[in-house]
Amino acid sequence: MPTVEGGLREQHKARRRMRILEATRELLRDGPDSVISAERIAERADVAPATVYNLIGPRDKIWEALAAEFMDELERRLALLGADDPREVVRSTVRLFVSDPVVSRRMVREWEDSGLVLDRSPLTRLRQAMADARAQGLLRADIDTDALAAVVGTSCVGALHQWVAALIDDDRFLARALFALDVALAAAAADPYRDRLLAPLRTRGAV
């Protein structure tokens, strides 16, 4: 059973960890291409360099920790939104990336497992939203909605990396992510809803 002293110790560790990650984000915003080291982070966070290593880990773990916090925030946003609309899941995800572009771009570039950044809440929510759409009769009953969501997720990761490389802007990032979703929904549409789910593709401009 945890003691009061042990609980306070964990709270202090959690606060120092949050300070370290916020210091990292501040350094990135100050210099998007600057070298991020434990020493620079420690100085900004007012902790010892060893504390950065002990609470976060080596260099790659810093990017992993930033990605984990990003996904935690996305889960909070989607939970508050109560997103059961696949388009809202995609839209909310893209908006979070573009809300802090310097940090988001560096995080994705530096974290070697960045392809997993959408694997938690976005993909889970998207699977559920598509399963709900199938249950409501919008999508055909024979559709594997988990596989459909995975295809959309792969397309969104591709759009994300184009945005990270500055090949597309914020609006185009959102447009391409939504286009991938709309193509998947139109392909899986049940007959009574085919025209409705095809409509976004008929009215969309270049993506």
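This note goes through the predicted model point by point, from the whole chain down to single residues.

1. Ground rules. Residues are numbered from 1 along each chain as its sequence is written, and side-chain values use heavy atoms, with hydrogens and water left out. Because this is a predicted model, local features need pLDDT of at least 70 and side-chain atom pairs count only at pLDDT 80 or more, while totals for chains, interfaces and linings use all residues.

2. Overall fold. The chain has ten helices and zero strands. Here helices are DSSP runs of H or I with at least four residues, strands are runs of E with at least two, and both are numbered from the N terminus. Taken along the principal axes, the C-alpha atoms fill a box of roughly 65 × 45 × 25 Å.

3. Of the 207 residues in the chain, 41% are buried. Buried means under 20% relative accessible area, exposed means over 50%, and partly exposed lies in between (1.4 Å probe, protein chains only). Among contacts with a separation of 6 or more, 65% join residues 24 or more positions apart; a contact means heavy atoms within 4.5 Å.

4. Surface and charge. The chain exposes about 11,100 Å², and carbon and sulfur atoms supply 53% of that area. Accessible areas come from the Shrake-Rupley method with a 1.4 Å probe; for residues, only the protein chains shown count as cover. There are 31 positive and 33 negative side chains, and the centres of the two sets lie 1 Å apart. Lys and Arg count as positive and Asp and Glu as negative, without His or the chain ends; each charge is placed at NZ of Lys, CZ of Arg, CG of Asp or CD of Glu.

5. Helix H4. This helix covers residues 59–81, and its 23 residues reach 34 Å from first C-alpha to last, close to the expected 33 Å. The expected span is 1.5 Å times one less than the number of residues. Its buried residues include Ile62, Trp63, Leu66 and Phe70. After H4 comes glycine 82, with a positive phi near 65 degrees.

6. Threonine 24. This residue lies in helix H1 (residues 4–30). Threonine 24 counts as buried because its relative accessibility is 0%. Leaving out residues up to four places away in sequence, threonine 24 touches Ile36, Ile41, Ile62 and Leu66. Ile62 and Leu66 are also among the buried residues of H4.

7. Arginine 125. Helix H7 (residues 121–135) contains arginine 125. With a relative accessible area of 26%, arginine 125 is partly exposed. Arginine 105 is 20 residues from arginine 125 in sequence and 23 Å from it in space, C-alpha to C-alpha.
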